[in-house]
Amino acid sequence: MKQGIFMDGSITGIRYECTGAKGAGSEGVLDEQGCFLYEEGDYITFSVGGLMLGSCKAKPTICTVDLVAEATSRLQAVTHYTVTNVARLLLSVGHFCEKRVAVMEKYRSRIQFSQEPEQFEASMAECLKELNVALISVARTHNIVRRCLKGILKKTDVKVPTRDGRYVLADVYHPLVPGKYPVVMSMGAFGKSFINGFTMNEEDEAYFDAVEDAFYESYGAPETKKMLQGTFFRRMGPCFGSALPIPDLEQEPEHPDGPPPCLVPVSSAFEQVTADDWVPYGYAVMLVEEYGTGKNNDQEKQFGERNAKDYCDAIEWAASQEWSNGKVGLYGASYFAMTQYLAAQRHPKGLTAMIPIMGDYDSYRHYIYSGGGLFNRADNMDLAVPPQEYSFMNRAKEQPFWNEETYGAEGEYMSSADISQIDYPIWPATEPDASLHGLGSSEAYINCASQNKKFMLLNGCGIHFWMYGQEFISRYRAFFDHWLKDIDNDIMEEPPVDIQIRTGNGNYYWRHEADWPVPGTKYRKLYLNAGMDSLDPEVPVMEGSVTYAADVKRSEQRRTSGATFVTAPFTEDVELAGYIKAGLYVSSTTEDMEVHINVRVLDEKDEEVIYPAYTSMERGLPLGFGSLKVSHRALDEKRSRDYCPIHLHTKEAYAPLTPNEVVYCEVGTFPTSGLIRKGWKLVLEIDPVSNRWIDFEETYRKGSENSVYCGEMYPSFLQIPVLPSKR
């Protein structure tokens, strides 16, 4: 005999009867796990007393869609009235004891499952009153039936114990068919409800049920897109800070074809693992909320050592469950990539592989004080509801220099990972048009201790789209199939590095390489020539300088001050991929200065080539960009590489400027890629401020001027990573 499960296993006591080729087979009632017994080839009928619910071929999982011929003949229609009404009644009652079966028998002739759901509920009023049952919502019914069709069982608000007696809350999804499955997990602070939210009460639960139902049933409808936008920004809007303008959903969209796609979620979660992509393929999925968020409300300490240890506890808990095969893979982007590093350095039992997409691991250098100033969008990460009176940004402002206590592995609010401790199979990915997380993912691949690693650099309209595209998710599954299921596939035999070379206007092509940075990369220096405002392949002999005002306001409209240098037209096509670096001799009339570099490309008509995709959240970004507070120019000689300066940022290394004294500094950029065509020109812009960073006015800008020097004595340069030709 084989065992099957009806719906999600929560319905017990209803009768089933099997018939096979030889006539009558097994019969009985659904047991405490909602299971039935059958033989291969049987047909099975379900009933409550004399009320027939429907029949179908017996199989491991059965839901109400299977019992309705009209619902299965073409598309598996979860919204078919009979499918909905049968499921809604069964799920609402749950356990059918003798008394409840008797009530159903009493009203059997009056029950019409083919009615519209509202009519059905009204016609069932007396029966439901005697059953002492309230029907669950139509939307929740649809969502449960959808999961059952995909073989997914969901457990909500599972309490996962932590080592110090607390707990974190998780939603757990695993296959309906019992077994031992590898676990794919995400942990963070965005919330685990549909499209990232917190369900604090019944009203919230009803709302998210309606959003989930609409997402699957009518995604293309304008009213549904608006609903999804509203859901997304209701949760994420307070988190954005300076990152993005929050759209007014009541106004007409700026674009005639509707709002940019980045505003409409395309998956059931935001940056996390989704059950749809993994459970039907033999995985369990866990979405874990960090302590201090949602129903588990308390002081949230983003990226702190407490949350990292909680993540380890959740990993070890998942590995020990009866439905787990003992292997856990971590998956997620942005916040959900950053938390992976913090847990992985502690080597929790069961952790086997990880896919951190677009995430940073060095809290000071990657996402707070990038370049030694508050030159990154770190103010968009206060994710607590309501917002915290004291968050990691408060702590960061109090600690402007790198120190172990604040930014090290045991930091209370924003710990960093020791990447050299991470030796698991790992697959980081990053985007070249991102001003947050781009550096961390690249550095993770380069500096981690793993002997089994892959890396991907790709353009696009945002990780929130492509990371859920089947082109990528199928490869990610193959990676976890190999490491978590021991499947002998060819995923690790492919070239480990995939690079989209951007060609402008959103176009690209792929290069597949043996390592990152690409072996054979030539780091070509272009020297600044103040006399010609040019970039030249040879050091200009004539000394010169460019002076510009530092006392300027940030402007959303135009560049107001700075220095610009332009190359001659390129004489051949050049492929770039990797890190751009500027080595600059500079001075200021005051004690400090900011250096913000933008590397742009002009075509034959002197029009800028736009490399990010048209739908990118950051379409206006140049080919390369980076920043440095010059008082933080001291290099970490042990960690710096010729193509990538890494600065100490300690209080001891802090070196304020002497007015008008010339000093040398190196400014690194986020990793990038791009094709510069023959006839195009490269432009270096050096600015005193940037519109893209946190807007804090600094006193050293008041009434001051900055200068950039060049020539034989001061050979300032721009260094670009030129790939070896494959043609």
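Which strand gives the largest share of the lining of the second largest cavity? Let's work towards that together. This is a predicted model, in which local features need pLDDT of at least 70 and side-chain atom pairs count only at pLDDT 80 or more, while totals for chains, interfaces and linings use all residues. Residues are numbered from 1 along each chain as its sequence is written, and side-chain values use heavy atoms, with hydrogens and water left out.

A search of the whole structure turns up five cavities of 30 Å³ or more. On a 1 Å grid over the protein atoms alone, a cavity is a set of points where a 1.4 Å probe fits but cannot get out, and lining residues have an atom within 4 Å of a point. Points are joined across faces, edges and corners, and a volume is the space filled by probe spheres set on them.

The second largest cavity has a volume of about 310 Å³. Its lining holds 21 residues, and Arg365, Gly371, Leu439, Pro645 and His647 lie nearest its centre. Strand 25 (624-629) supplies at least two lining residues, as do helix 12 (363-368) and helix 15 (438-447); helices (H or I, at least four residues) and strands (E, at least two) are DSSP runs numbered from the N terminus. So here is our reply: strand 25 gives the largest share, three residues.

Now visit the second largest pocket, with about 610 Å³ of space. Of its 29 lining residues, Arg147, Lys154, Thr156, Tyr173 and Glu212 are the closest to its centre. A pocket is an open set of points with protein on both sides within 12 Å along at least five of seven lines.
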